[in-house]
Amino acid sequence: MPSMYAQQLVAPRTFAEVQAPRLGSDHLADGEVLLRVLAGAICGSDLPVFNGVRTLKQRDDAVAGHEPGSPMHEVVGEVVASRDERHRVGDLVVGWGSRLNALAELAISLGDDLLGYDDRLSPEHAVMLQPLACVLYAVDQVGDVAGARTAVLGQGPMGLLFNHVLRSSGAREVVGVDLIDRTAIGTRLGAHEVVHQHTSRWASGLSAGERPDVVVEAVGHNTSTLGHALEAAAPSGRVLYFGVPDDAHYPIDMRAMLRKNLTLTSGITLQRRTMLARAGAYLESHPGLRELFVTDTFSVGQAQEAFELAVAPTAETAKITVRMAS
């Protein structure tokens with residue numbers, strides 16, 4: 001049987017390169033596209049899978065992330081077969097690896113989740129259009145932030161993008177909060193100030209005049225930080241829960257929601273092709289962003305090292321990308 005290379009988790013935090021059954025056009029359903037993967041990027045939502053956790057975003061029939069190519073869904077590729085008339089063989093596209101297993105030579109994705117990109121971008125830079133599309137969509141859901149005092153809990157890659165987009169959208173103040181001292185990279189990417197504290201200590205220490213009008217929870221993977229966001233928000237404030245949950249049910253302080261007249265927003269990215277186009281235009285308007293945001297690139301054979309860095313980032317680590325093919 002023809003094969004393709006892939007990285008596969010064989011134990012928690014342990015990748016091995018394997019030969020997996022080769023995907024072909026006969027594996028495509030209507031509306032799907034087969035990609036030769038050129039580059040991918042590590043998302044914070046991939047890390048619990050790397051750590052061996054069964055997460056809410058995985059398919060019911062998946063084996064806890066042990067499929068070849070898992071976990072990776074931020075993808076750039078060349079179309080090699082298509083059952084979507086919008087995508088032709090040879091097209092270069094960016095977007096979502098819909099089956100979450102793009103850490104491989106070939107991957108299948110929904111045509112609705114992909115869009116062509118400016119081929120002057122390297123694949124390692126183009127892949128950032130996917131997380132940027134997510135952040136742009138999320139900020140749209142919050143509403144107008146012009147003149148608002150804002151805070152971003154978590155200064156990982158997504159939090160850093162929120163810094164940039166909130167500031168460029170006219171926020172009067174952008175404050176980042178993180179357990180790692182992200183002052184240098186956080187301010188370069190748009191924060192007016194970065195607080196090196198646990199979110200609980202930061203939220204409990206705010207005076208009335210310091211409370212943000214908009215709080216973005218960009219940490220995820222635990223139930224406490226949403227509570228800290230609600231605690232921190234100013235009366236009539238808006239809270240965006242962007243971080244990916246590992247638990248199906250979160251406790252919410254309804255007293256704070258009620259007494260402070262708060263609005264809580266969450267949700268996945270919709271209108272994906274539209275948002276990818278928006279991300280392309282945003283990056284064209286801010287060309288320096290790609291060099292600031294993509295800080296580390298590894299080869300596919302270095303997937304182990306790439307994910308280990310993502311789990312334990314340095315103060316200067318932002319987006320980690322993986323080069324699959326030349």
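These questions and answers concern salt bridges in a predicted model.

Visitor: How many salt bridges does a search of the whole structure find?
Guide: The model is predicted, and the search covers the whole structure. The number of salt bridges found is 13.

Visitor: Which residue meets arginine 22 in a salt bridge?
Guide: Arginine 22 lies in the loop between strand E2 (14-21) and strand E3 (32-41), and its partner is 83 residues apart from it, in the loop between strand E5 (92-96) and strand E6 (106-110). The N to O distance of the pair is 3.2 Å. The partner is glutamate 105.

Visitor: Is glutamate 105 buried or exposed?
Guide: Buried means under 20% relative accessible area. Glutamate 105 has a relative accessible area of 19%, so it counts as buried.

Visitor: Where is arginine 99, the salt-bridge partner of glutamate 32?
Guide: The closest N and O atoms of glutamate 32 and arginine 99 are 3.3 Å apart. The pair links distant parts of the chain, 67 residues apart. Glutamate 32 is in strand E3, whereas arginine 99 is in the loop between E5 and E6.

Methods:
Residues numbered from 1 in each chain as written. Predicted model: local features only at pLDDT ≥ 70, side-chain atom pairs only at ≥ 80, totals over all residues. Heavy atoms only, no water. Salt bridge = Lys/Arg side-chain N within 4 Å of Asp/Glu carboxyl O. Helix = DSSP H or I, 4+ residues; strand = E, 2+ residues; numbered from the N terminus. Buried < 20%, exposed > 50% of the residue type's maximum accessible area, 1.4 Å probe, protein only.
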